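Subject: Structure handover

Hello,

Here is the structure we talked about. Please load it before reading on.

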Amino acid sequence: MTKRSAGNFDWLLIILFLALVSIGWINIYSASLDPEVVSGSFDFANLYTKQFVWIVLSFVLIVFILFLDAKFFERFASVIYICSLLSLLGLYVFGKEISGATSWYDLGGFSIQPSEFAKAATALALAKYLSDIQTDVASFQHQLRAFLIIALPAIFIIPQPDPGSAIVYAAFFFPLYREGLSGIYLIIGMSIIALFVATLAVGPLYVCGGIVLITIGLFLLKRKKRASASMYFILPIVCMGFVFSVNYIFQNVFEQRHRDRFNVVLGKEVDAKAIGYNTQQSEIAIGSGGWTGRGFLKGTQTTGNFVPEQHTDYIFSTVGEEWGFLGSTFVVFLFVALMIRIIFLAEKQKNQFSRIYGYSVAGILFIHFLINIGMVTGIFPTVGIPLPFFSYGGSGLWGFTILLFIFVRLDGNRLNEW
Amino acid sequence: MRKLLLFTIVLISGFAFTGRLLYLQVLDDSFVGMSENNAIKRVYDYPQRGHIYDRDGNLLVSNQPSYDVMVIPREVKPFDTLEFCGLLKMDKEKLMERLDKACVYSPRLPSVIIPQLTKSEFAYLQEKMRKYEGFYIQKRSLRDYQIKYGANFLGYIAEVNNRDIKKNPYYQSGDLIGRQGVEEYYEDALHGVKGVKYIQKDRFNRDIGPYKNGSLDTLPQKGKDLNLTIDSELQKYGEELMKNKRGGIVALEPSTGQMLALVAAPNYDPDLLVGRERSKNFTDLYLDSISKPLFDRVLKGEYSPGSPFKTLNALIALQEGVVDTNEAFACHGGYRYGRGRLFGCHHHKSPLSMVQGIAYSCNAYFANVYLRTIEKYPTPQEGIDAWKKHLESFGLNQYMGYDLPNGSKGKIPGSELYDRVYPNHNWYSTATISNSIGQGEVMTTPMQLANVTAAIANRGWFYTPHIIKSIEGDTAKIPIEYRTKHITTIEPKYFEPVIEGMAQVYDYGTAASLQIPGIEMCGKTGTSENYTKINGNRMQLTDHSIFVAFAPKDNPKIAIAVFVENGYWGSRYAGRIASLMAEKYIKGKITRTDLQDWVLNHSLEEEYEKPLSGKPFPINDGKKISGKLLKDDKKISGKL
């Protein structure tokens, strides 16, 4: 057992965490306040009261995590991971269905969503596997195993159905890449997404025309023309093949609601009451904020409950409406600061396990941040994932708290390693 | 490199979101209004519409409450239909039918079940209304007419249409707006200002209390009361006189330009366009294509002015210096010109100078005078344009700018018109000779002719006729254009001989029997030919009876123009009516009851039926048979 003192923990991270959680709670209060009930009462029926209790309990968790030995997490990573997988599988037997998804365990009075905790477990397992002296990220076989560690929980989560939470597992690309995964995966992944979206937006013929032009352009610019025939011949054809299969995938693999969401973002459908209603209302709420917002509890969209799921996935629209441009950019700044601080600290880790875990934390937070705020501001299609520390929900809050504070604990051990 | 990837894209996305937020919240302000509409409902409190009084302060139009029984289908609980039907005096099938209809329209929004209950029906129902959940009574304000006449200038109120809403954002669907007459022209003053209550709503359209604790709410402001220049007694009397006749009476106060009476016949009871039967009544009036009660003959009707127009030709000739008051012209049954063409006249002594020419209404005299005026100039084009300019200074050939929303321009021909009709430009003054007696191309509305009479009575000036006397008792609020004198192009000294002639019309001329005892009157008869098209054939109808008059001769109090369609010669109907109207206004009572009874008892309905019979019919008291093709070029018959 190493000597532990409060000074070892990164207080900047803790302050950013406290700021996000408290600002988040203020906005949940505003979004869930029932205007017909006298404001400020702490009835346990109120969502903001519940959230307050979750926050208080999360402090207990924090203390518990910080008192555990840093080595505990590395040592028990696999056990935690397997427990987490079992908890996800158990949903198919004991799960409780809430709004169409069987993602919760009913623990009498409150519900627990294991997928929120699985992220931290997967991060630990991946960090443990990659930091193993025998693992070589460059080897294909080891890459495959790493992918399997990441993919298993995602595969268990998708059919719940909760595809939004599964998308988060893309975040583990960042630690993998940091540890030496070939950039080609990034290029392939990005290309697939770009081709997919471009085909939906402008149609396959234009995209093929673009591919041909780029290929010819590259060919003319390159000096060694014979160097790689595949580059100029096979690759464009594969791309074009993919482009022409996009429509098939879109029509047959995706469900109608997913297609609708894409179409709304691509501007192909404007339908305020049905598909794009959430996004539309959320944009109205944010847009009416102006420079400084309407003020706390003064947002008409917020108090009028115009934005569905406003206290959960759409909580950022409350920030936008009531606190305006200044308030919402401040929140964006807090998130960016938190993530950059984590990356900065991760880079300083002497221990590979801690570094990979830190990168996983930053990646997970980033994916949530990107998709959630992108969705609320109308840039991305609707994907139901929460905004870390902000969105209402005990499991989510605890999940992120555990995720973050394991890193705080690991980081706190950095100086004692020597 | 690998260390920087996540770091870089975190920063990039941070900046991207800042940019997106800047766009949504600061640069693009289209969302602000949207969120207002979304979350805040405006509830309007309607003010009372302004009252309308006559020139003496008698109330003409006020408001009455009316009560609609409304229903919100979703909130209806099972109720005793039998008792409810008994209260509403309707059968059950009808009630169920209307409930179904309301449900189809919207289960959440109110629909009218029974419109416009009277006060007594409402009182009875009010007691029991609480028993029927989902039903309630909506109070509205309707017009309450104290008079049964004057519909043509009062106008009516109706629900706004989409065009009104687009034009003026003040209005919303279901609001009332003035249509026609004073109600339309003074709509802005009459409607007052709506009060607004802002109610905050949630996504399910439930009220969640006043917005900003009601600090933005406003109280309604009552509409402004108007005093009209109309003399309601005179107006009423005029409408009685015009019963069973078509045409119009305009009476003006020459010294101010105020309209004393605007009688359009046939007229209708303004009360017809109020209440439960409104739309049925309106349809009836609208579809009456024979007597056209909604057509305002006083302001929109264009007629050949006939002989009263001669007074203007006399004034122009004097001003142009082509004739003096002593020069006499011979008349042997008319004026002969061209190759054997006769411009006919009736029997009177000959030769005549100006005063007698007016008194006897000699066509030959005015043919001579008119031709001299035109021929004074080197070309007929210049001549006729100079003549036209004088006439326009009397308010002819233009919408006069009075404060009623209806009107016609009338027509005074100029060189442009004749150049178009005779493309080689080889036309001479005689081609326009009908203008000398107010026939041919000349057209005026009764309002214009009354204004001409007022200008003559004033010896050369007039105020634009107007119907507004004061707004909220304040005469200073009347637009400045009704307080600005218009001077005609004729010098005052030239009016005296013409007025003398008009006085002698009553002494020994064409209206010798119509003098009001004790008042020196001036007038001029008119009998104008008119035609209609029946099955594509141009057919002549009985002449219009026209009369203009002012009285007394010095310091005139009233100037009047009367048109009676197909009333035959001028003094027959129009002259009598003008005389009675002037007496009524000046003396306040009628001494010549025999004259009054004659007018009241004579109907022209028979005359109006003739062209509809489909057979050839006699006109002008059987002196002519209409229906044969008219060779109107051979002989233009002028009338007195």
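The notes below go from overall shape to local detail.

This is a predicted model: local features need pLDDT of at least 70, side-chain atom pairs count only at pLDDT 80 or more, and totals for chains, interfaces and linings use all residues. Residues are numbered from 1 along each chain as its sequence is written, chains are lettered from A and ligands numbered from 1 in the order in which they are written, and side-chain values use heavy atoms, with hydrogens and water left out.

**Chain B overall**

Chain B has 21 helices and 23 strands (DSSP runs numbered from the N terminus: helices are H or I with at least four residues, strands are E with at least two). Its radius of gyration is 32 Å, well over the 26 Å that the globule rule gives for 640 residues, so chain B is more spread out than a compact globule. That radius is taken over C-alpha atoms, and the rule is 2.2 Å times the number of residues to the power 0.38. The C-alpha trace of chain B spans about 115 × 80 × 50 Å along its principal axes.

Chain B is divided into domain 1 (65-145) and domain 2 (298-637). These bounds come from an automatic or database domain assignment. Taken over C-alpha atoms, the two domain centres are 57 Å apart.

Of the 640 residues of chain B, 54% count as buried. Buried means under 20% relative accessible area, exposed over 50%, and partly exposed in between (1.4 Å probe, protein chains only).

**Salt bridges**

The whole structure holds 28 salt bridges over all chains. The criterion is a side-chain nitrogen of Lys or Arg within 4 Å of a carboxyl oxygen of Asp or Glu.

- B:Lys131 and B:Glu83 meet at 3.1 Å, N to O. They link distant parts of the chain, 48 residues apart, with B:Glu83 in helix H3 (residues 81-88). B:Lys131 is partly exposed at 42%, and B:Glu83 is partly exposed at 26%.
- B:Lys148 and B:Asp269 meet at 3.3 Å, N to O. They are 121 residues apart, with B:Asp269 in the loop between S12 and H11. B:Lys148 is exposed at 56%, whereas B:Asp269 is partly exposed at 22%.
- B:Glu520 and B:Lys553 meet at 3.7 Å, N to O. They are 33 residues apart. B:Glu520 is partly exposed at 41%, but B:Lys553 is buried at 12%.

Salt bridges that share partners also join B:Arg49, B:Arg143, B:Glu183 and B:Glu187 into one network.

**Backbone**

Most residues other than glycine have a negative phi, and most peptide bonds are trans.

The bond from B:Ala265 to B:Pro266 is cis, with omega near 0°. B:Pro266 is in the loop between strand S12 (258-265) and helix H11 (278-287). The bond from B:Ser350 to B:Pro351 is also cis, with omega near -5°.

B:Lys292 is not a glycine, yet has a positive phi of about 45°. B:Lys292 is partly exposed at 42%. B:Glu472 has a positive phi of about 55°, and is partly exposed at 44%.

**Chain A**

What is the place of A:Val93 in chain A? A:Val93 is in helix H4 (residues 77-94), and is exposed at 62% relative accessibility.

Best regards
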